[in-house]
Amino acid sequence: MANRTFVGWTLAVGFLSFTFIALTQQMVGFIQRYREKDKGFTRVEGGVSIPRSTFMGVRTLKSLGALTNKVSRDVTSYLKGTRYSGLVRDQQYRLLPGIEAMAATLETLAMLSAIHEVDADKIHEFINSLFIPENGGFGPRPGLGTTPPSTYHAIVSLVRLGKLPDPADHDRSPVTKVR
């Protein structure tokens, strides 16, 4: 009886593994449909790459074990050419970047071990321009008021630039009871 149970479990695990592989391939195919050729990822099929979609596409492919060297190179090249890589204002980009897209760009480049590809000093200067000392928060763009999401994205950006410690690198202290 034990032998039949073992065989049954073995077959079940084999079936689940096969099913997972098939589902993974479907998910990878789905994500790849949102990739702009030789660039990043888009919000809609046939659209243009944007940092947030690119972050999510890269993160998903990496989670599924399907992130290729070509996709990594293409995404890095695409992100290096955006205003979110330190090309804050030049002849190509007249408008300043937003902090949410900046954070998505830096998170993606960090995931690809390519954070060194950005102009960290220009990005740091830009992020500092978003800080509002009166309330301690960051705005989404210069001249706009602060918001919790903008402050979060600014902090994430500063972590990725190495200006703040990464909480993921530190051991978590044990939870203590508050009386």
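Predicted model: local features only at pLDDT ≥ 70, side-chain atom pairs only at ≥ 80, totals over all residues.

Reader: OK, and where is Asp38 found?

Author: Asp38 sits in the loop that runs between α1 and α2. Its phi is positive, about 60°, although Asp38 is not a glycine.

Reader: What about Ser113, what's its phi near?

Author: Phi of Ser113 is near 55°, again a positive value in a residue other than glycine. You'll find Ser113 in the loop between α4 and α5.

Reader: Is Ser113 buried or exposed?

Author: Ser113 counts as exposed, with 60% relative accessibility.

Reader: Switching to packing. At what angle do α4 and α6 pack?

Author: About 30°, and the axes of α4 (residues 99-111) and α6 (residues 148-160) are 8 Å apart. Angles under 35 degrees count as roughly parallel, so α4 and α6 are roughly parallel to each other. Their crossing is left-handed.

Reader: Which residues make that contact between α4 and α6?

Author: From α4 they include Ile99, Met102, Leu106 and Ala110, and from α6 they include His153, Val156 and Arg160. By class, the contact of α4 with α6 has seven nonpolar, three polar and three charged residues.

Reader: And how do α2 and α4 pack, what's the angle there?

Author: α2 and α4 pack at about 30°, with their axes 8 Å apart. That makes α2 roughly parallel to α4. The crossing of α2 past α4 is left-handed.

Reader: Who's touching whom in that one, on α2 and on α4?

Author: On α2, the contact residues include Pro51, Phe55, Val58 and Lys62; on α4, Glu100, Ala104, Thr108 and Met111 are among them. Sorted by class, the contact of α2 with α4 has six nonpolar, three polar and five charged residues.

Reader: Last topic, the largest nonpolar core. Which residues touch the most other members?

Author: That core has 28 residues, and Phe41, Leu61, Val75, Met102, Ile123 and Ile127 touch the most other members.

Reader: Which helices supply at least two residues of this core?

Author: α1 (2-32), α2 (51-63), α3 (69-80), α4, α5 (120-129) and α6 each do. α4 gives the most, with six residues.

Definitions and conventions. Residues numbered from 1 in each chain as written. Heavy atoms only, no water. Axes fitted to C-alpha atoms, helices over the stretch in contact; angles between N-to-C directions. Helix = DSSP H or I, 4+ residues; strand = E, 2+ residues; numbered from the N terminus. Parallel < 35°, antiparallel > 145°, perpendicular 65-115°, else oblique. Left-handed = near helix turned anticlockwise from the far one by under 90°. Contact = heavy atoms within 4.5 Å. Nonpolar A, V, L, I, M, F, W, Y, C, P; charged D, E, K, R; others polar. Core = buried A, V, L, I, M, F, W, Y, C linked by side-chain atoms within 4.5 Å. Buried < 20%, exposed > 50% of the residue type's maximum accessible area, 1.4 Å probe, protein only.
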